[in-house]
Amino acid sequence: MLKEIKSLIDKEIRLELRQKYALNGMILYVVSTIYVCYLSFRLKSNQIDKITWNTLFWIILLFTAMNAIAKSFTQERFGRLLYYYTLASPVGIILSKIVYNTLLMLVLALVGFGVYAIVMGNPVEDIGLYLLSIVLGAVGFSSTLTMVAGIASKAENSSTLMAILSFPIIIPMLIMLLKISKNALDGLDRGSSMDEILTLLAIDGIVLVLSVILFPYLWRS
Amino acid sequence: MKNWYKYLSVILLGYVMIWGIMGPIPRQPVLHETARNLYFHVPMWFGMFAVLSVSVWNSIQYLRTSDMLHDTKSAEYANTGILYGIVGIITGSVWARYTWGTWWTSDVKLNGAAIGLLIYFAYIILRGSFNDEQQRARISAIYNIFAVALLIPLLIILPRMTDSLHPGNGGNPGFKPMDTEHTMRIVFYPACIGWICLGFWITNLRLRLRNLEQIHQEIN
């Protein structure tokens with residue numbers, strides 16, 4: 001099982017590296033979105049509310065995640081998908097996709113954070129906690145969106161569907177992330193974010209378990 | 001007596017309509033007579049929870065058995081849930097206009113309700129985007145289960161972590177401690193049961209209509 005997942009992740013990474021334009025495209029997407037925001041606000045550095053700074057960053061990450069993960073079931077041709085399905089178990093496929101998308105999101109989020117901090121200024125006081133919230137966010141976004149991408153890929157006009165299906169269900173996660181990152185921004189005592197971190201981990205757990213249970217049904221069609 | 005819940009709903013809601021308007025209620029600042037909205041607004045959410053639970057239950061059953069009847073049921077119960085949600089938001093909004101002075105405000109319960117409705121609108125649109133019946137049934141069932149499991153933290157955990165403007169939350173006067181003579185309780189509980197039964201009745205009618213439409217199509 002673990003070996004199967006590992007080789008599937010390997011395949012995803014190799015596929016990604018083989019068509020570098022896709023990865024570079026996503027990185028460029030983050031960077032240019034950040035730059036658009038920067039120019040729209042016409043910032044001299046640090047002249048933006050902390051709350052706006054934080055919210056804007058998470059909104060950018062959310063849209064990046066949507067774009068990056070939406071293609072995880074559509075980039076490969078139908079015949080090849082069918083071929084994987086005869087080789088691997090559905091649980092292996094969904095877990096490998098989630099792990100791979102998490103890695104991808106981590107790269108995008110960290111690059112995004114770096115660029116964002118450079119152009120928009122960096123008011124974060126507790127960098128460690130902020131990075132933790134980014135990691136938790138990457139795991140949460142990628143596991144939820146992978147499943148939704150699977151659902152949306154079965155329908156026509158899947159890009160609209162992807163947005164309307166995932167936005168409402170990702171809100172609880174986003175609220176928790178905003179709270180944790182706001183605490184990190186203000187440099188509050190880490191103990192005060194414990195509740196939110198635990199809730200977020202619980203939500204991530206629910207999503208993972210549900211994906212493992214539900215994906216085999218999705219895969220059959 | 002397979003129609004017991006229909007009789008029950010007529011009797012209880014008749015009682016709620018009459019005694020809910022005429023019966024005595026405890027005097028409270030700000031709320032005054034608007035407290036009677038408790039009999040109409042709050043049961044909407046209980047009703048919505050009840051029918052949506054049945055909808056999710058039918059989705060799970062569909063995945064287990066692949067019986068199309070479960071799919072139809074799950075869709076129709078979700079429709080009734082949406083109806084209850086909309087009525088709940090309207091009754092709440094009108095009430096809020098007279099007590100809080102605004103139609104809509106940022107309150108955790110309001111946000112939860114709005115997001116819940118967004119999820120079910122998305123569910124309806126998802127259903128509309130499939131031509132193949134089997135595929136529509138399976139994929140919408142998956143989304144239904146997935147979405148509800150993520151809605152649970154939103155509706156149950158988050159409201160407990162923040163204060164709400166609603167009566168009975170965050171130091172606002174609710175009806176429970178004031179209602180020493182049970183004047184509101186004897187209307188509120190029947191109202192909940194009555195509205196839930198009405199929800200099942202509405203769904204039942206819709207299901208029969210769907211069934212007749214199908215027969216009609218098969219004949220032509």
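Reply: Ile156(B) sits in helix α5 of chain B. Helices (H or I, at least four residues) and strands (E, at least two) are DSSP runs, numbered from the N terminus. This is a predicted model, in which local features need pLDDT of at least 70 and side-chain atom pairs count only at pLDDT 80 or more, while totals for chains, interfaces and linings use all residues. Residues are numbered from 1 along each chain as its sequence is written, and chains are lettered from A and ligands numbered from 1 in the order in which they are written.

Is Ile156(B) buried or exposed? Ile156(B) counts as exposed because 10 other C-beta atoms lie within 10 Å. The cut-offs: 20 or more other C-beta atoms within 10 Å is buried, 12 or fewer is exposed, and in between is partly exposed, with C-beta atoms placed from the backbone. Gly112(B) is 44 residues away from Ile156(B) along the chain, yet their C-alpha atoms are separated by 9.5 Å.

Where does chain B touch chain A? The elements giving two or more residues to that side of chain B are α4 (108–128) and α5 (133–161) of chain B. In total, 24 residues of chain B are in contact with 24 residues of chain A. Contact here is C-beta atoms, placed from the backbone, within 7 Å. Helix α5(B) gives the largest share of this side, 15 residues. By class, the side has 21 nonpolar, 2 polar and 1 charged residues. Nonpolar covers Ala, Val, Leu, Ile, Met, Phe, Trp, Tyr, Cys and Pro; charged covers Asp, Glu, Lys and Arg; the others, Gly among them, are polar.

Tyr143(B) links the two chains. Leaving aside neighbours within four places in sequence, Tyr143(B) is in contact with Ile151(A), Leu165(A), Tyr123(B) and Leu126(B).

Three of these names return in the core. The largest nonpolar core holds 110 residues, and Ile151(A), Leu165(A), Ile142(B), Tyr143(B) and Ala147(B) touch the most other members. A nonpolar core is a set of buried Ala, Val, Leu, Ile, Met, Phe, Trp, Tyr and Cys residues joined through C-beta atoms within 7 Å. The largest share of this core, 14 residues, comes from helix α7 (residues 158–186) of chain A.

Follow that helix into chain A. The axes of α6(A) and α7(A) cross at roughly 165° and come within 9 Å. Axes are lines fitted to C-alpha atoms, for helices over the stretch in contact, and angles run from 0 to 180 degrees between N-to-C directions. So α6(A) is roughly antiparallel to α7(A). Under 35 degrees is roughly parallel, over 145 roughly antiparallel, 65 to 115 roughly perpendicular, and the rest oblique. The crossing of α6(A) past α7(A) is right-handed. Right-handed means the near helix is turned clockwise from the far one by less than a right angle; anticlockwise is left-handed. This contact has 19 nonpolar, 9 polar and no charged residues.

Helix α6 (residues 127–153) of chain A also packs with helix α3 (residues 50–70) of chain A, at about 45° with axes 9 Å apart. That makes α3(A) oblique to α6(A). Residues from α3(A), including Leu61(A), Leu62(A) and Ile69(A), meet residues of α6(A) that include Gly137(A), Phe141(A) and Leu145(A).

Chain B has 7 helices and 0 strands. Its C-alpha atoms fill a box of roughly 60 × 40 × 25 Å along the principal axes. Of its 220 residues, 37% are buried. Among contacts in chain B with a separation of 6 or more, 75% join residues 24 or more positions apart.

One more packing pair sits in chain B. Helix α2 (residues 42–65) and helix α7 (residues 185–219) of chain B cross at roughly 45°, with axes coming within 8 Å. So α2(B) is oblique to α7(B). The crossing is right-handed. Phe46(B) and Val51(B) are among the α2(B) residues in this contact, and Trp195(B) and Ile196(B) among those from α7(B). The contact has 9 nonpolar, 3 polar and no charged residues.

Last, the loop between α2 and α3 (68–99) of chain B holds Ser66(B). Its phi is near 55°, a positive value in a residue other than glycine. Most residues other than glycine have a negative phi. Ser66(B) counts as partly exposed, with 15 C-beta neighbours inside 10 Å.
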